[in-house]
Amino acid sequence: MNFQPNLDTLFNPKGIAVIGASTHPGKFGFVALHNILAAGFEGNVFATNPKTPEILGVQTLESVKSIPESSIDVAMICLGPEQTIAVLPELAEKGVKAGFVVSGGFRESGFEGTELEKELVEVANSLEMTIAGPNGQGFVSTPANLCSQIVSPYPPTGNLSIASQSGNILSAMLNQARAKNIGIARAISIGNQAQVDIAEYIRYFGRDPETKVIVSYVEGLPNGRDFYDSLKEVSCGKPVIIIRGGTTSDGAKAASSHTGSMASDQKIFETAVTQAGAILASDPNEAFEFAAAFATKPLPNGRKVIVVTTAGGWGVITADAISRSRLDLMELPQDLEEQINQFLPPRWSKNNPVDLAGGETRDTIPSLIPLILGHPQVDSMIFLGLGIQGNVARTYKESPVATAETEKMANFHISQEKRYAQAIIKSSKDFGKPVFVATEIGITDTHNAGPKALIDAGETCFSSPLSAVKALEAMANFSHREHEGC
Amino acid sequence: MKSLTEFESKRLLNEFGLVSCKESVAKSFEEASSAASEIGYPIVLKISGDGTEHKSELGGVKLGINNEADLSLAYNEMQINNSEVSEFLICEHIAGKREFIAGYHIDRDFGPTLMFGLGGIFAEAFTDVSFRLLPCPREELLRMVHELKSNVLLNQFRSEPDVDLEALADILEAIAECGLADPSIQAIDVNPILINGNRPIAVDALVIKL
């Protein structure tokens with residue numbers, strides 16, 4: 001590519017026009033305009049439609065020519081392929097620097113589409129216009145209150161940015177963002193990467209001050225080496241989490257050498273990602289969990305982890321998972337053991353995992369969390385059992401035989417759950433160390449006071465200790481990244 | 001695609017610092033015999049020249065030849081079985097219990113890569129290889145060696161000493177530099193690398209050019 005793509009304008013426009021707006025709520029040209037208006041974009045919004053004077057209260061213009069000079073710099077183009085190419089010079093004349101092309105019918109559709117895609121890129125390059133897509137679902141930029149996409153949802157504001165080669169996988173992650181209250185900065189469905197490819201999005205997120213964590217779903221790479229270079233440049237400063245789709249077909253690889261026959265696509269891709277210092281995730285859910293952890297928690301300084309549990313079995317499972325990882329299930333320091341003794345009857349585990357064995361009273365957990373996390377040898381904590389008391393509260397609250405006493409107890413349990421969540425959030429902040437809470441209750445009962453307090457505060461609540469261990473391991477690896485240049 | 005012969009491949013790699021077994025090309029039995037005396041028995045006899053990339057399958061490798069009489073027998077047998085072969089390779093016999101493989105390959109997406117892996121008879125049953133994109137710093141070469149699942153073989157093993165890891169990294173560096181120096185090189189196989197005492201020695205190599 002001969003010119004630098006202008007993604008800064010795409011994600012931070014002063015004004016946007018939906019080209020090919022529609023009156024029909026089932027059509028892309030309507031949904032895009034609707035979403036832009038609904039998310040509260042504060043810049044200029046225009047829409048073109050030759051037949052209708054007004055859509056959703058926006059006065060439509062007959063054509064791009066009627067858009068006032070210098071009022072917009074970005075276009076959301078919801079036209080067919082030929083019309084899209086034809087409208088670019090008119091948009092450039094109005095000052096449009098960047099556009100998103102929704103339409104399919106380009107390279108993905110065969111020979112004619114491939115020719116059209118070449119033309120699209122040539123025209124855009126000659127106009128020095130940045131083109132995202134084609135064949136994509138749009139983009140989101142929460143710092144600009146901009147939801148320029150033909151799908152849902154609009155996520156909460158935050159510092160996680162996503163570039164995805166699949167629109168649906170992007171939507172899935174935005175759904176997770178909304179459900180788990182993890183904020184998003186930018187998100188884009190990159191489509192066919194005709195002009196701007198994945199490496200350029202990663203580089204942009206790398207220098208974007210609103211972005212702290214990057215996730216990308218990748219299938220095909222227009223330029224693998226440039227992708228590797230982009231990961232290497234960005235991974236020094238920010239975690240980049242990569243999911244790969246389409247790794248099974250490997251038949252096309254000619255192997256004249258023994259070495260070549262060993263070099264499967266999957267193996268080389270994984271080598272490239274990890275050698276660059278980026279992070280591989282096995283699927284979009286794992287990628288999102290990793291990203292949520294990076295986005296909401298301080299990096300651990302080392303690999304030493306303490307498990308604190310009120311739920312015996314889960315403690316054992318977690319210890320097993322840690323022993324299979326590159327984390328260190330540290331030995332409980334003698335001085336810490338002696339201090340914990342003062343809060344618990346003698347039956348507690350006296351070991352890591354710290355299993356309270358039901359010996360806790362009103363203030364035990366809120367006291368133990370800062371005590372343990374604050375110990376100088378401890379790098380991180382996994383806390384298990386949040387929501388168990390809230391579970392009892394739910395039963396009492398729903399009980400057909402409730403009494404004033406059960407009601408009182410239920411309220412006590414609920415207030416305790418909130419205290420635990422607060423102690424976790426505060427201690428993590430005070431000591432700058434991550435605490436990973438894992439409980440299925442975050443999913444099974446979203447009203448449970450413990451997990452809910454955590455999620456409302458924008459903290460991640462992991463649904464299983466295994467995923468918490470993996471995310472913590474990814475953070476510890478990143479914290480210890482030894483690759484070139486960092 | 002054109003392959004260099006084993007002899008040519010090793011000479012090219014030697015220029016980049018590859019440590020390989022002592023060897024010599026012979027076009028007659030007299031030359032073979034004198035080369036064997038110079039290298040010292042036991043030696044290995046191999047067919048050489050064009051079309052011998054898959055020499056093992058052609059019955060073109062005879063290990064552990066201990067004296068001139070055995071050399072004569074092996075030479076005649078090989079000559080009968082491979083009538084088109086015009087030259088032979090006389091190589092130092094390298095003893096070693098541990099076998100590794102290494103290579104260079106240009107990936108269609110990511111460009112030049114380096115491979116290191118477990119070699120020997122189990123390598124076909126357990127694929128245990130690590131890769132790096134090239135160029136990369138020497139620390140990455142040491143890291144890729146440790147990434148093997150069978151990395152215990154690099155430590156003391158069945159009364160054999162720790163492998164000289166710096167020497168192993170030298171071999172990997174030589175392969176990488178050789179591949180990167182000539183864009184017409186498509187692939188390099190160094191198979192096997194035998195661990196003789198603590199010293200890794202390249203015993204066979206193949207350079208494939210465009």
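**Architecture of the predicted two-chain model**

Val213(A) sits in strand β12 (residues 213-218) of chain A; here helices (H or I, at least four residues) and strands (E, at least two) are DSSP runs, numbered from the N terminus. The model is a predicted one, in which local features need pLDDT of at least 70 and side-chain atom pairs count only at pLDDT 80 or more, while totals for chains, interfaces and linings use all residues. Residues are numbered from 1 along each chain as its sequence is written, and chains are lettered from A and ligands numbered from 1 in the order in which they are written.

Val213(A) counts as buried because it has 24 C-beta neighbours inside 10 Å. The classes are set as follows: a residue is buried if 20 or more other C-beta atoms lie within 10 Å of its own, exposed if 12 or fewer, and partly exposed in between, with C-beta atoms placed from the backbone. Leaving aside neighbours within four places in sequence, Val213(A) is in contact with Asn159(A), Leu160(A), Lys238(A), Pro239(A), Ala291(A), Phe294(A) and Ala295(A), a contact being two residues whose C-beta atoms, placed from the backbone, lie within 7 Å.

A nonpolar core is a set of buried Ala, Val, Leu, Ile, Met, Phe, Trp, Tyr and Cys residues joined through C-beta atoms within 7 Å. The largest such core has 201 residues, and Ala291(A) and Ile175(B) touch the most other members. Not counting residues up to four places away in sequence, Ile175(B) touches Leu13(B), Leu18(B), Ala102(B), Gly103(B), Tyr104(B), Leu114(B), Ile188(B) and Val190(B). Another core, of 16 residues, lies apart from the largest one and includes Ala36(B), Ile65(B), Met78(B) and Leu89(B). In soluble globular proteins, nonpolar side chains tend to be buried together.

Turning to the domains, whose bounds come from an automatic or database domain assignment, chain A is divided into domain 1 (1-146), domain 2 (155-248 + 258-296) and domain 3 (297-479). Between domain 2 and domain 3 of chain A, the C-alpha centres are 30 Å apart. Their contact draws 13 residues from domain 2 of chain A and 13 residues from domain 3 of chain A. On the domain 2 side, helix α10 (residues 284-296) of chain A provides the largest share, seven residues. That side divides into seven nonpolar, three polar and three charged residues, where Ala, Val, Leu, Ile, Met, Phe, Trp, Tyr, Cys and Pro count as nonpolar, Asp, Glu, Lys and Arg as charged, and the others, Gly among them, as polar. For chain B, the assignment gives domain 1 (22-92) and domain 2 (98-209), and the centres of these two domains, taken over C-alpha atoms, are separated by 26 Å.

The contact between the chains takes 17 residues from chain A and 26 residues from chain B. On the side of chain A that touches chain B, α7 (224-235), α8 (258-262) and α9 (265-275) of chain A each supply at least two residues, and α9(A) gives the largest share, five residues. The residues on this side of chain A comprise six nonpolar, eight polar and three charged.

After α4(A) comes Glu128(A), with a positive phi near 55°.

Some further backbone features are worth a look. Most residues other than glycine have a negative phi, and most peptide bonds are trans. Ala357(A), although not a glycine, has a positive phi of about 55° and is placed in the loop between β17 and α13 (364-373) of chain A. Arg158(B) likewise has a positive phi, of about 45°, in the loop between α4 (138-146) and α5 (165-181) of chain B. Ala357(A) counts as partly exposed, with 16 C-beta neighbours inside 10 Å, whereas Arg158(B) is exposed, with 7 other C-beta atoms within 10 Å. The peptide bond from Asn352(A) to Pro353(A) is cis, with omega near 5°, and that joining Tyr41(B) and Pro42(B) is cis with omega about 0°.
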